[in-house]
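Let's take a quick tour of a protein model, piece by piece. Keep the 3D view open and find each element as you read.

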Amino acid sequence: MLTIEKLKAYGADVEDGLVRCMGMEDFYLQMTEMGLKDERFETLGKVLEENRIDEAFEMAHALKGVVGNLALTPIYGPISELTEALRHKTGVDYQALYRQAKAEKDRLDDVLANE
Amino acid sequence: MNDSIRRQKLFHRTVLVVDDEAVNRQMLGAILGTAYEVLYAANGREALEQVRIQKDLISLILLDLLMPEMDGYQVLEELRADPILRRIPVIVLTADRSAEVKSLQLGAADFLSKPYDMPEVIQARVRHSIELSEDTRIIQATENDSLTGLYTREFFFEYAHKFDRFHQEKAIDAIVLNFNRFHMVNELHGREFGDRVLCAIADGIRGILEETDGVACRYDADTFFIYVSHRSDYDHLINSVLRRLGEVMNTPEMRIRMGVYQDVYRAARLEERFDRALQACNSIRNQFGFSYAIYDMNMHEREVYSARLMEDFPTALETAQFQVRYQPKFNIRGETPRLCSAEALISWQHPEYGRVRPDAFIPLFEENGLIRRLDHFVWRETARQLGEWKKQYGAVIPVSVNVSRVDIYDPDIVSFLLSLVEENHIETEDLLLEITESAYTDNSRQIVQVVSQLRDKGFKVEMDDFGSGYSSLNMLTTLPIDALKLDMAFIRDIARDNKEMRMVELVLEIAAFLEVPVIAEGVETKEQYELLHQAGCDIIQGYYFSRPIDAEEYARFIMKEMALRTKEG
């Protein structure tokens, strides 16, 4: 179950996220839950495997926006890096950046799964 | 309570949040929901649909750039292309600095970064953008003339002063442009057409302003003020206005006059410069086409002279500087011309200027309303004199007096004239009334009403200066008149079979149709007299018979006529 404490323990900048939600904890948790259900965390990997760079950029960009607003800091770092790399088509190892972001997302899922 | 809060409380504004991410939309909704009604759209297409339906309701759009279906840039382009929708301010939501330039070029008002700033920051920026947009719209509505888009007169002077501050060394022209007798355009072609004409003039002026520095306004219904850098000639401006006017009306119908005050030395105040340009403009009367006058020292002297005449008027009335003179009118239908009436004319013997010509003070007094007092003086004096002559000679030969435009609006005109007739024991038909033709065309309903009342009481009314105004034939048949008095300008140039003579013959035919006599004034020569006599003109007035003379001298004409009548039995 999603709680403020678990998010804090995970490393989210909860204070920052709560400010954007006008201090309403329930609303913040509701938004976070909605954000984490986003299937693009999974599909982005497939799109990258198929080298559909533009599509991958749009997905990464959208995820970055949501994650940033929710202040999920551990995911925000690698997803931002991936977004900028895709935007400028730098040719770095996109998969590696994706894996970092995905690993942070999975870690959060694990934290939340633990009662 | 500060202004922003007071405004906020007046009514709830509506904000449209456009973002494809539900989380982002809802967060913004939470941030803005306490102060605004919030609408949502998940992509550009949905956003445009909502904006088009609720354009009057939406005060601001918060717009994400990267979205499926239609992105934020496309939305900005569509909004910008629509003259109504472009007024709605848009705040772009972006984390990408490079997107800001393009968004600004497409009309974005502001930016919000992602992840979102503190709610207070977002709220303040939304509030500022809405206030700025509303203020701009209010200012635009008050500073621009709603018909032509030029400045209103109040803001015009404000901006002209500002222009002066920034261009202190520049020579500037103050220009007044007027469509002479514009009300006739409205009357003949309708208001909508008239509005198109005014917009065309404004477009012509705007064309010049775009090329050179300056400001312009619609000063009143048909008058424009223009404040532009000085040029050696005005063809540029004239051609620009004529070109636009030519798109909506025929050249013969154009009656544009323009007065210019060239301010090389910046000696006069701004408002004075426009007063002088207006004076130059008013010095041109009743000309077709496009004519202009430049204010010069002669005009300045005339201005000073006019001011002096106005100042001296009350004293002149009190000290008998005004004198009524009489110019005889002769009936020429019979074998020999016979005195049938006279016109009472005013003469001013000024202690300093000597004899002041009526055309120097009558138009002036017509403009400022003093003419009413002067007319009353002439009417009173004429009625008194008619009473005297009646006592002396036992009968009266009628005398006509001039009735000015402003007199027509005097609710007491009928009772005042009746009281003069009664006091002096004369008849209403002894005091003829001359009313200029243009007064009829200015306000035909009012004048027909007043003239009908006067005629019901027995007064006879002559239409003066006929041919100088714009009476339609249709209007003439419905007007209550007893005589047509030909405009002097026609008589001056008549010669056998020339254009002016044919015009006179035409007027005689109209008069025959209306069954009223025609009076020709300004007849000076034997040739003119004979031409008019042969053409069938009824009555002649002018130097050919006599100049205007004082009562004593005129009495000799009366005596002579009385003697003839006695002889005829």
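**Helices and strands in chain B**

This is a predicted model. Helix α14 (residues 371-393) of chain B and helix α23 (residues 551-568) of chain B have axes that come within 12 Å and cross at roughly 40 degrees. Angles from 65 to 115 degrees count as roughly perpendicular and those under 35 as roughly parallel, so α14(B) ends up oblique to α23(B).

**How the two helices meet**

- As for handedness, α14(B) and α23(B) make a right-handed crossing.
- On the α14(B) side, the contact is made by B:Gln385, B:Trp389 and B:Tyr393.
- On the α23(B) side, look for B:Ala551, B:Tyr554, B:Ala555, B:Ile558, B:Met559 and B:Met562.
- Sort the residues of this contact between α14(B) and α23(B) by class and you get eight nonpolar, one polar and no charged.

**Strand β11 and its partners**

- Strand β11 (residues 322-331) of chain B is mostly covered, with nine of its 10 residues buried.
- β11(B) is joined to strand β12 (residues 338-350) of chain B by 10 bridges, and the two run antiparallel.
- To spot one of these pairings, go to B:Tyr326, whose bridge partner in β12(B) is B:Ala344.
- Together, β11(B) and β12(B) form a hairpin, with six residues between them.
- β11(B) also pairs with strand β19 (residues 539-541) of chain B, in the antiparallel sense and over three bridges.
- Here you can look for B:Phe330, which has B:Ile540 as its bridge partner in β19(B).

**The five-stranded sheet**

- Now find the open sheet of chain B, where five strands line up in the order β2-β1-β3-β4-β5 with parallel pairing.
- Its edge strands are β2 (36-41) and β5 (110-112) of chain B, and each of them pairs on one side only.
- On average, neighbouring strands of this sheet are turned by 25 degrees against each other, direction ignored.
- Strand β3 (residues 58-64) of chain B runs parallel to strand β4 (residues 90-93) of chain B, and four bridges join them.
- In that pair, B:Ile61 has B:Val90 of β4(B) as its bridge partner.

**Helices against that sheet**

- Helix α2 (residues 22-32) of chain B lies across β1 (13-18), β2, β3 and β4 of chain B, and runs at about 170 degrees to β2(B).
- Helix α6 (residues 119-143) of chain B packs on the sheet too, touching β1, β2, β3, β4 and β5 of chain B.
- The direction of α6(B) makes about 130 degrees with that of β3(B).

Definitions and conventions: Residues are numbered from 1 along each chain as its sequence is written. Chains are lettered from A and ligands numbered from 1 in the order in which they are written. This is a predicted model: local features need pLDDT of at least 70, side-chain atom pairs count only at pLDDT 80 or more; totals for chains, interfaces and linings use all residues. Side-chain values use heavy atoms; hydrogens and water are left out. Axes are lines fitted to C-alpha atoms, for helices over the stretch in contact, and angles run from 0 to 180 degrees between N-to-C directions. Angles under 35 degrees count as roughly parallel, over 145 as roughly antiparallel, 65 to 115 as roughly perpendicular and the rest as oblique. A crossing is left-handed if the near helix is turned anticlockwise from the far one by less than a right angle, and right-handed if clockwise. Contact means heavy atoms within 4.5 Å. Ala, Val, Leu, Ile, Met, Phe, Trp, Tyr, Cys and Pro count as nonpolar, Asp, Glu, Lys and Arg as charged, and the others, Gly among them, as polar. Buried means under 20% relative accessible area, exposed over 50%, partly exposed in between (1.4 Å probe, protein chains only). Two strands pair if DSSP finds at least two bridges between them.
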